[in-house]
Amino acid sequence: MIRRGLLIGALAALMLAGTQAKSETLRWSSVGDVATLDPAAHNETFTNNLHLHVYDSLVRRDRNMKIEPALATSWERIGADRWRFKLRRGVTFHEGEPFNADDVVASVARMLDPGSRGAGNFPSIARAEKFDDFTVDLVLKGPYPLLLNDLCWLSIMSKPWMEKHDSLKPGNIAKNVTTYASTHANGTGPFIVESYQPDSKTVFVSNKKWWDKPTHNLTRIEFRPIKSDATRVAALLSGELDLVAPAPLQDLDRISATQGFKVVQEPSFRLIFLGLNWRPELLAMPGQKNPLLDLKVRQGLWHAIDIETIQKRIMRGKAKATGTLVAPQIAGYDPKLSVPYGYDPEKAKKLLSDAGFAKGFKIDLNCSNDRFIADEQLCVAIGSMWAKVGVEANVKTETRAAFFPRVDRGETDAYLYGWANLPAMDSISVISVVLASRKDAYGGNNPNGLSNARIDEIARAAAVELDEDKRIKLLQEALKIARDQVSIIPLHLQPVAWAMRSNLDVPQFPDEYVRLWFANLKK
Amino acid sequence: MLRTLISRTGQTLLVLLAVSAIAFVTFRYVGDPVQLMVREDASFAEKERLREQLGLNQPVYVQYGRFISRVVCGDLGISYRNQRPVRDMLTERLPATLELVFVATVLALGIGIPLGIYSAIRRDGALARLLQLLSLIGMSTPAFVVGILLILVFSVHLKLLPSFGRGETVQVGWWSTGLLTASGWRSIILPAISLALYQLTLIMRLVRSEMIDVLSTDYIRYARARGLPRPYIHFKLALRNALMPAITVTGLQIGSLIAFAIVTETVFQWPGMGLLFIQAVTFVDLSVMAAYLLLVGLIFVIINIVVDILYVMLDPRLRGSAA
Amino acid sequence: MKALASRYLSLKIPVFVLAAGVFAGALTLVAVLAPFIAPYNPTNISSFNLADSEIAPLFLGGDDPRFVLGTDNQGRDLLSAIIYGARISLIIGAGAVLFATLLGMTLGLIAGYFGGWIDAVIMRVADVILSFPTILLALLISGIARALFPAAAEPEWAPIILIGAIGTHDWVQYARTVRASTMVESAKDYVRAVRVIGLPSRQIIFRHIVPNIMASVLVVATVNLATAMLTEATLSFLGVGMPPTYPSLGTLIRIGNEFMFSGIWWIALFPAITLVSLILATNVVGDWLRDRFNPKLRVRL
């Protein structure tokens with residue numbers, strides 16, 4: 001009897017132990033884990049997001065997303081293809097090495113190495129040259145207006161540290177090489193990696209010697225990825241987490257109604273749109289002329305989408321319906337273009353019958369089921385709406401691993417896609433990658449034959465235009481053509497929604513990044 | 001005996017090789033890793049360059065040949081997703097899965113055997129009938145439903161136990177264990193129950209039917225007639241004979257528990273090999289997928305051999321015959 | 001009627017086995033007749049309206065008489081979705097069992113009757129197959145299917161791929177059972193005798209061996225129907241099974257699980273109850289059949 005009592009007592013103690021969290025520790029969960037700690041070994045937005053807590057770059061985004069000095073204190077363009085950066089003095093890396101120009105030169109070289117996954121994010125940079133210990137020149141391949149935007153993501157690593165751990169070059173799968181830097185990190189940033197257990201837990205502690213004055217009051221961050229939406233929310237509600245970012249839309253009402261929790265959300269930069277097939281035939285109707293080549297059909301398809309109901313039911317009022325391809329904060333945005341084609345099934349039917357498709361037609365509608373918010377639901381809903389104006393959509397959903405290659409091979413008639421214009425935060429991204437026809441470095445995400453001569457011209461002109469007013473005019477012109485021609489059908493800007501304990505304050509950003517160096521936990 | 005064992009193992013390894021080849025080829029149709037490795041605005045040429053670097057544009061048999069020759073040298077390759085050696089990733093995850101499977105097995109045996117014995121002895125009792133019904137319900141409820149229910153009740157509602165992860169782990173050599181900390185034990189309870197339930201019902205039903213069989217044999221009847229004490233008959237005579245099949249089945253089932261852990265690990269975000277595999281699938285991380293496949297196959301081969309050896313050791317009739 | 005009643009009495013079916021059988025039978029009937037019974041066709045995406053989404057069931061305060069069990073997140077009638085979902089689960093379960101039985105019996109007969117290297121190859125393949133998780137096999141099979149016929153990526157193919165995947169895993173049990181029985185049977189004097197007469201193998205197998213092993217095969221098949229449906233649900237839950245445009249019960253639970261905390265828990269609950277009770281009923285019947293007809297047990301009784 002006594003023994004049983006002891007056992008029960010021990011069990012109870014076991015269950016109660018550890019449920020109390022220390023208030024200065026922030027426990028945060030997201031969908032996926034950081035893929036690697038090596039800044040040059042990945043291309044994921046989320047991984048980059050976590051790196052920013054550890055590694056600083058030459059410039060960074062401030063609380064209002066404006067570019068401000070970071071490891072560089074000032075800069076000037078001293079030639080068409082050469083920029084000079086003055087570096088901050090007195091900065092040290094987490095392991096104690098002093099920061100200087102050699103570190104910048106080595107980090108840039110490492111990032112541009114052929115084995116680097118991140119090289120493509122810095123298309124304009126040719127190399128970095130040391131001028132003196134605290135001055136560095138970046139040599140460009142040609143005139144380029146967006147250098148500072150790109151530099152926000154270039155993590156600066158310590159040269160002596162890389163030398164010590166034989167990591168001056170990034171890992172390379174093809175050559176079967178991995179580096180120390182993929183599991184260890186040594187930056188100058190606001191947080192230090194204390195431990196890294198992939199897919200389980202990564203612990204950061206506050207950097208007491210950070211060069212900047214911290215505005216956060218955290219001493220420790222425990223990051224734990226949880227893929228399942230339900231499990232992630234369960235962990236928040238059961239008190240095992242302080243912050244869930246992102247939080248699933250359908251649970252926001254329940255969470256904010258629960259005592260002790262709150263929800264913050266706003267539209268992000270990410271546009272969700274439907275891409276279309278511009279080839280002579282649709283996959284769903286081989287041997288017949290592609291109806292989508294007729295402007296009236298494309299307009300009809302847009303008018304057939306009840307975007308209001310989608311916003312209300314699927315996006316739960318958290319997204320922002322839009323008629324243009326970029327978010328308001330993105331350079332090139334034109335408010336005149338922002339109203340979507342209204343939902344009007346009668347008009348849609350009329351347009352279709354004017355184009356000779358009174359009886360409708362068949363079309364494939366592909367989408368991912370694990371990439372964008374409610375992607376699968378959106379596709380089924382749009383398929384259902386199109387069916388009601390006579391367009392028989394064959395909805396196919398699959399994982400991103402199968403979906404993205406399919407889109408890239410052009411094996412789709414209509415597909416749900418997202419574009420955030422990141423990291424540049426500039427319309428040139430969507431114009432040159434999604435709208436411009438696929439040739440040379442252009443049209444990387446235009447797999448289905450969309451082509452407009454004027455847009456191609458603009459994409460090339462705007463890329464080297466250094467006069468900001470002229471550049472914006474060009475971008476706006478291209479976006480207007482895209483809307484008038486229904487090059488793609490924009491749906492909405494998907495929301496970024498986070499759920500957290502009420503005592504946590506953390507600002508939200510439309511690029512969906514979590515920046516915990518702005519976070520505050522109240523006692 | 002030894003020869004049989006060697007030839008059986010050899011044959012199994014051969015088939016394993018064949019299956020891994022088929023798997024390797026067909027994984028290519030699951031998706032394209034390149035598309036997920038480059039940034040979203042990468043140009044077509046950039047993607048082609050990466051494809052070439054990774055050797056993905058070579059004929060599949062060349063890729064497979066390279067893969068196998070590396071594996072033979074103990075090199076499982078590098079993960080596409082995070083550029084780390086696959087071997088390191090598997091050794092990190094292996095302890096989590098094995099500890100989960102171990103605790104689940106202990107639970108299944110520790111609860112399943114007594115319940116099985118009870119329902120065999122009190123065959124027609126109300127409680128035994130109820131247990132039979134409950135075991136059928138246990139067999140009929142998918143593990144993911146059990147997992148979700150456990151989280152809802154014990155984590156969200158009662159706030160007693162963690163809903164995900166392994167809790168604090170302690171490093172013992174290369175083995176990271178959650179079984180030395182309170183939070184580790186708290187974390188393993190729900191996933192282990194969810195994983196063990198099917199096994200538990202299986203063992204309980206097996207022990208029951210074996211016990212019933214044994215209890216109706218002549219020598220037990222004789223022992224009863226002689227008036228030997230009931231506990232002696234039940235536990236010394238009958239149980240010993242009834243346990244053997246249960247333990248064999250448990251051994252053989254360990255392989256499928258590891259496989260089934262995929263579901264449990266997904267629901268509870270348990271950082272084991274199953275979760276790693278599911279993540280690899282969503283990223284078409286070919287080297288991780290292929291390595292997982294080989295490892296699971298290998299574990300199964302080892303279990304089979306051990307069971308074969310045990311059989312021969314326990315059953316003298318099999319010795320010498322080439323069965 | 002009287003004859004039927006006396007027949008029933010002579011079989012001594014326990015009441016709850018009978019109840020389970022009736023329930024499973026009724027559900028099967030409903031599933032077979034789904035197009036005539038279900039109020040809507042949930043696989044026809046033009047039949048539902050997003051504006052009708054997330055309506056509560058009538059008995060939970062739902063105010064729309066069209067939807068007895070409410071609607072899901074797409075505005076699909078949940079009752080229809082469950083009926084069609086059960087239909088898909090049953091089709092896949094039965095299909096997989098049929099496929100596994102045929103494949104397993106054929107290979108088991110070949111292995112048991114001919115022995116030698118054919119036997120060795122078949123049984124080693126069986127060993128390896130058993131070592132692979134079904135989900136892995138499902139991925140492999142769909143990979144092979146896509147490699148051979150590009151059309152296999154179409155949602156209509158999903159049930160066939162699932163049947164192939166589950167069947168490919170489950171045939172091993174039949175093969176092992178049949179192989180063992182075949183070995184026992186072929187060692188018996190009468191088979192040896194007909195072999196000596198020079199009867200062709202085919203005739204020996206189908207005239208003399210097959211009828212004798214059917215009983216054990218049928219018992220295994222019933223028990224397997226339940227596990228096949230369970231596997232299908234698990235695969236669909238993991239997202240490698242039926243697509244949301246042709247939802248099975250597992251798919252409905254997967255979708256519903258995402259809404260667990262949002263107050264519309266019925267999207268997951270009702271399909272889960274249906275699934276568990278369907279499998280439970282099958283298990284009860286299978287269990288009883290096994291006890292009743294298992295030749296091994298009958299000898300002992």
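These legends accompany several close-up views of a predicted model. Residues are numbered from 1 along each chain as its sequence is written, while chains are lettered from A and ligands numbered from 1 in the order in which they are written. Because the model is predicted, local features need pLDDT of at least 70 and side-chain atom pairs count only at pLDDT 80 or more, whereas totals for chains, interfaces and linings use all residues.

View 1. Strand 14 covers residues 362-368 of chain A; helices (H or I, at least four residues) and strands (E, at least two) are DSSP runs, numbered from the N terminus. Five of the seven residues in strand 14 are buried, a label for residues with 20 or more other C-beta atoms within 10 Å of their own, against exposed for 12 or fewer and partly exposed in between, with C-beta atoms placed from the backbone. Strand 15 (residues 392-398) of chain A pairs with strand 14 of chain A in the parallel sense over seven bridges, pairing being called when DSSP finds at least two bridges between two strands. Look for A:L365, which stands opposite A:V395 in strand 15 of chain A. To get from strand 14 to strand 15 of chain A, the chain passes through helix 11 (residues 375-387) of chain A in a right-handed β-α-β crossover; right-handed here says that, with the strands pointing away from the viewer, the path from the first strand over the helix to the second runs clockwise. Strand 16 (residues 414-419) of chain A also runs parallel to strand 14 of chain A, joined to it by two bridges. Here A:N366 stands opposite A:Y415.

View 2. Most residues other than glycine have a negative phi, and most peptide bonds are trans. Against that background, the peptide bond from A:A245 to A:P246 is cis, with omega near 5 degrees. You will find A:P246 in the loop between strand 11 (243-244) and helix 7 (252-257) of chain A. A:M65, not a glycine, has a positive phi of about 70 degrees and sits in the loop between strand 2 (59-61) and strand 3 (67-69) of chain A. A:M65 counts as partly exposed because it has 14 C-beta neighbours inside 10 Å. A:R316, also not a glycine, has a positive phi of about 55 degrees, and its loop lies between helix 9 (307-314) and strand 13 (320-321) of chain A. With 18 C-beta neighbours inside 10 Å, A:R316 therefore counts as partly exposed.

View 3. Domain 1 (1-81 + 283-323) and domain 2 (86-280) of chain B have bounds that come from an automatic or database domain assignment. Their centres, taken over C-alpha atoms, are 29 Å apart. The contact takes 17 residues from domain 1 of chain B and 16 residues from domain 2 of chain B, two residues being in contact if their C-beta atoms, placed from the backbone, lie within 7 Å. Helix 12 (residues 286-314) of chain B provides the largest share of the domain 1 side, eleven residues.

**View 4. The contact between chain A and chain B.** Chain A brings 49 residues to this contact and chain B brings 53 residues. On the chain A side, helix 12 of chain A gives the most, with six residues.
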